[in-house]
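Hi,

Here is the structure I promised to pass on. Have a look at it first, then read my notes below.

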Amino acid sequence: MPINRNHELSTPAALPQASSRQPKVIQWQVVMPKHILEDLILASETYNQLLDVISYFQNRDLLFRQWGLAERFASQAGLAVNLHGPPGTGKTLAAHAIISALEMSMICVDYAEIESKYVGETSKNISALFKTAQEQGAAIFFDEADALLSKRVTNMTSATDVSVNQTRSVLLNLLNNYQGVIIFATNFVQNFDAAFLRRIKYHVHFQLPDVELREKLWQMYIPWQMPCHVDFAQLAAKYDNISGSDIASAVFTAAVQAARFQDRLIPQSRFEQAIGNIIQVKKANADSEITVRKRFLTEEQAKAEFKLLAKEEIEK
């Protein structure tokens, strides 16, 4: 059910008062997980790590009270998990499956939902999120978590850097004391701040499927109702370095094309053409050069930009 939270917005000293601006309202959507463990096709090592994660939370009374771990690990009664690996390898599905196995509801959070251009407001949004999850007994799932858990700024050159570090500090404190379930998913674990890595109990690596798993994925994503002639083993052996998401996209694309040409029996060549195009796009993306430019602001420049943002908000 949707939950509304109104947040008071603190106005930095450098900003003009904007009484007409309404406080930001975030609607935390509490939902039920969409996937279960049986939906996952993963390497056995990865799958067993997920079972350990589930067992940890299900057996907290045994571990902490009966076996006495509370004497040494009293602050670790909560569950923080990081699912990391290449895109399309099943991290989001696994997050839903873990929460489903724990018989919990969940709040799916995108960093864009909690990020604010106003200094200090992002930290308030995060604190309110944790409070809502605790009140509702819901797990928190952060997708693309590297945006939130990235390294803190050591050479601060602007008010924005101060705000980023403040947000990281607030989240670290929340992780220290939170007793619920938090799952992070990322394609870029190398961007995580080391302090977050230490506070997350489980780090589960997801990898691209091997030939055996690729065959199972082709079989899963091609519905039995679809009239086609496909050698699954051949497809799996011929196209490697692809993810489950790539296979799903290829099946959908091939089906749409077959419908356009009104195929009575979809040939394997349609699936091969579709997955070949996906591989080609991925290769082009990997070969492209990306230039990242950083812009450093003085305190005066930051104040000027904040004033401009406030003016734009007032004029809305």
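Which residue follows α12, and is its phi positive or negative? The residue is Gln-262, and its phi is positive, near 55 degrees.

Before you go on: this is a predicted model, where local features need pLDDT of at least 70 and side-chain atom pairs count only at pLDDT 80 or more, while totals for chains, interfaces and linings use all residues. Numbering starts from 1 along each chain as its sequence is written, and side-chain values use heavy atoms, leaving out hydrogens and water.

Now for α12 itself, residues 244-260.

Gly-244, Asp-246, Ile-247, Ala-250, Val-251, Ala-254, Gln-257 and Ala-258 in α12 are buried (under 20% relative accessible area; exposed is over 50%, partly exposed in between, with a 1.4 Å probe and protein chains only). They cover an arc of only 155 degrees around the axis, so they sit on the same side of α12 (the arc uses directions from the helix axis to the C-beta atoms). On the other side, Phe-252, Ala-259 and Arg-260 are exposed. Among what covers the buried residues are α10 (211-221), β9 (266-267) and α13 (268-287).

Cheers

How values were computed. Helix = DSSP H or I, 4+ residues; strand = E, 2+ residues; numbered from the N terminus. Expected span 1.5 Å × (residues − 1). Contact = heavy atoms within 4.5 Å.
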